[in-house]
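Subject: Structure for you to look at

Hello,

I am handing over the structure below, together with notes on what was found in it. Please read the notes with the model open.

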Amino acid sequence: MAEYKSEETPIKASAEAVFKKLSNLEGLKEMLDRVPQEQVPDDQRDLFNQVSITADTISFPAGSVGQLTLQLTETIVPTFIRFEGVGAPVAMALMLHIRPSTEVSCSVQVVIDLAIPAMLKPMISGPLNKMTEQFAQMLSKLPFDN
């Protein structure tokens with residue numbers, strides 16, 4: 001498995017509030033619907049608008065792979081959320097590590113584990129590193145306070 005990690009991204013909400021919102025996918029959908037369009041960068045707006053969420057899955061376009069679906073498979077209150085790829089061409093997992101900072105702030109690190117052949121790793125490392133950073137930045141813009 002190849003592992004790609006974002007930097008720890010600060011969030012202005014408690015670890016408990018972040019965990020509660022991100023582990024409740026239906027609540028996450030409501031929260032995504034409330035993000036003002038001007039806060040979504042132009043180059044990410046199309047992707048952002050194509051995210052589909054159910055009670056236990058989140059799906060989004062993944063370039064040449066097509067639609068990628070992640071299913072919520074594990075949680076540890078309030079510090080860890082794990083999603084696994086469903087029907088993905090290779091085994092994969094997306095994990096969110098939530099680290100409390102103060103009573104009203106925390107940081108989140110996005111980690112992607114992907115089973116890829118060694119010869120493909122140099123070709124996809126750059127895009128996957130960028131994707132983990134973009135995902136972490138997107139999380140920092142979500143309204144966790146309500």
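Two residues are in contact when heavy atoms of theirs lie within 4.5 Å. The model is predicted.

Helix α4

Helix α4 covers residues 121-141. Buried residues in α4 are Ser-125, Leu-128, Thr-132, Ala-136 and Leu-139. The buried residues of this helix pack against β1, β2, α1 (15-23), β7 and β8.

Strand β1

Strand β1 is one of the elements that the buried residues of α4 pack against. Side chains in a regular strand alternate between the two faces of the sheet. In β1, Ala-2 and Tyr-4 make up the covered face, while Glu-3 and Lys-5 make up the uncovered one. β1 pairs with strand β8 (residues 105-114) in the antiparallel sense, over 4 bridges. Within β8, Leu-114 stands opposite Ala-2.

Salt bridges

How many salt bridges does the structure hold? There are 3. Side chains of opposite charge can pair when their charged atoms come close.

- Glu-3 and Lys-5 form a salt bridge in which the closest N and O atoms are 3.5 Å apart. Glu-3 is partly exposed, with a relative accessible area of 42%, and Lys-5 also counts as partly exposed, at 45% relative accessibility. Both residues belong to the uncovered face of β1.
- Arg-99 and Glu-8 form a salt bridge with the closest N and O atoms 3.3 Å apart. Arg-99 lies in strand β7 (residues 92-102) and Glu-8 in the loop between β1 (2-5) and β2 (9-11), so this pair ties together parts that are 91 residues apart in sequence. Arg-99 counts as partly exposed at 31% relative accessibility, and Glu-8 is partly exposed with a relative accessible area of 40%.
- Arg-82 and Glu-84 form a salt bridge, and here the closest N and O atoms are 3.1 Å apart. Glu-84 is partly exposed, with a relative accessible area of 33%.

Val-18

Leaving out residues up to four places away in sequence, Val-18 touches Ile-11, Ala-13, Ile-98, Cys-106, Val-108 and Phe-144. One of these, Val-108, is 90 residues from Val-18 along the chain, yet the C-alpha atoms of the two are separated by 8.9 Å.

Strand β3 (residues 52-53) and β4 run antiparallel and are joined by 2 bridges. The two strands form a hairpin, with 3 residues between them. Ile-53 has Ile-58 in β4 as its bridge partner. β4 also pairs with β5, again in the antiparallel sense, over 5 bridges. In that pairing, Phe-60 has Leu-68 of β5 as its bridge partner. Of the 5 residues of β4, 4 are buried, so the strand is largely enclosed by the rest of the structure.

The largest pocket

Rolling a probe the size of a water molecule over the atoms shows where empty space is left. The largest pocket holds about 1,200 Å³ of space. Its lining consists of 47 residues, and those nearest its centre are Phe-60, Pro-61, Ala-62, Leu-68 and Met-131. Two or more lining residues each come from α2 (25-33), α3 (42-49), β4 (57-61), β5 (67-76), β7, β8 and α4. Which element gives the largest share of the lining? That element is α4, with 12 residues.

A cis peptide bond

Most peptide bonds are trans. The bond that joins Val-77 and Pro-78 is cis, with omega about -10 degrees. Pro-78 is placed in the loop between β5 and β6 (80-86).

Regards

Methods
Residues numbered from 1 in each chain as written. Predicted model: local features only at pLDDT ≥ 70, side-chain atom pairs only at ≥ 80, totals over all residues. Heavy atoms only, no water. Salt bridge = Lys/Arg side-chain N within 4 Å of Asp/Glu carboxyl O. Buried < 20%, exposed > 50% of the residue type's maximum accessible area, 1.4 Å probe, protein only. Pairing = 2+ DSSP bridges. Expected span 1.5 Å × (residues − 1). 1 Å grid on protein atoms, 1.4 Å probe; cavity = no way out; pocket = protein on both sides within 12 Å on 5 of 7 lines; lining within 4 Å. Points joined across faces, edges and corners; volume = space filled by probe spheres on them.
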